[in-house]
Amino acid sequence: MKRVCFLLKIRQERLAEYRERHAAVWPEMQAALTATGWHNYSLFLRDDGLLVGYLETEDFERARAAMDATEVNARWQAEMAGFFEELDGSAPDAAMVPLSEVFHLA
């Protein structure tokens, strides 16, 4: 299982709403994530809008492509796009650039 970590930036004025949305992620969205290979998925949000994502998956590109093919993800991404800074026209999922792991203590 590969560990994946990425960073995104949430708009300061939308932090509270972003937190609220993620307190009630749609059950069908959660099911799709699991079915497409996203495991142990967590999002951490700093007060300045820095979002840190972490997940475990066999193949991140395959898991991301499988999610991209779901109808529920298309709806979720459309609703979430306005929360993010610096997407440069990309969908939030497409802007997830994995960080390089430099140390891991098992």
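Biologist: In which element is the place of glutamine 77?

Modeller: Elements are read as DSSP runs, with helices (H or I) needing at least four residues and strands (E) at least two, and they are numbered from the N terminus. Here, the place of glutamine 77 is in helix α4. Before going on, note that this is a predicted model, in which local features need pLDDT of at least 70 and side-chain atom pairs count only at pLDDT 80 or more, while totals for chains, interfaces and linings use all residues. Residues are numbered from 1 along each chain as its sequence is written, and side-chain values use heavy atoms, with hydrogens and water left out.

Biologist: Does glutamine 77 count as buried or exposed, and which residues does glutamine 77 touch?

Modeller: A residue is called buried under 20% relative accessible area, exposed over 50% and partly exposed in between, using a 1.4 Å probe and protein chains only. Glutamine 77 counts as buried because its relative accessibility is 10%. A contact means heavy atoms within 4.5 Å, and, leaving out residues up to four places away in sequence, glutamine 77 touches Pro92 and Asp93.

Biologist: What does glutamate 79 touch?

Modeller: Glutamate 79 also lies in helix α4, and it counts as partly exposed, since its relative accessibility is 39%. Not counting residues up to four places away in sequence, glutamate 79 touches Arg21 and Trp26. Between glutamate 79 and threonine 57 there are 25 Å in space, C-alpha to C-alpha, with the two being 22 residues apart in sequence.

Biologist: In what order do the elements of the protein run from the N terminus on?

Modeller: The order is β-α-α-β-β-α-α, which comes to four helices and three strands. The protein is as compact as a globular protein of its length, because its radius of gyration is 14 Å, close to the 13 Å that the globule rule gives for 106 residues; the radius is taken over C-alpha atoms, and the rule is 2.2 Å times the number of residues to the power 0.38.

Biologist: Which residues have the most contacts inside the largest nonpolar core?

Modeller: In soluble globular proteins, nonpolar side chains tend to be buried together. A nonpolar core is a set of buried Ala, Val, Leu, Ile, Met, Phe, Trp, Tyr and Cys residues joined through side-chain atoms within 4.5 Å. The largest one here has 24 residues, and those with the most contacts inside it are Leu8, Tyr18, Met29, Trp38 and Phe84. At least two residues of this core come from each of β1 (2-9), α1 (15-23), α2 (27-35), β3 (50-57), α3 (60-68) and α4. Methionine 29, setting aside residues up to four places away in sequence, touches Met67, Val72, Asn73 and Trp76.

Biologist: Where is methionine 96 found?

Modeller: Methionine 96 is in the segment after α4, and it counts as buried because its relative accessibility is 5%. Beyond its neighbours within four places in sequence, methionine 96 is in contact with Phe6, Leu8, Trp38, Tyr41, Phe60 and Arg64.

Biologist: Is phenylalanine 103 buried or exposed?

Modeller: Phenylalanine 103, found in the segment after α4 (71-80), is exposed because its relative accessible area is 65%.
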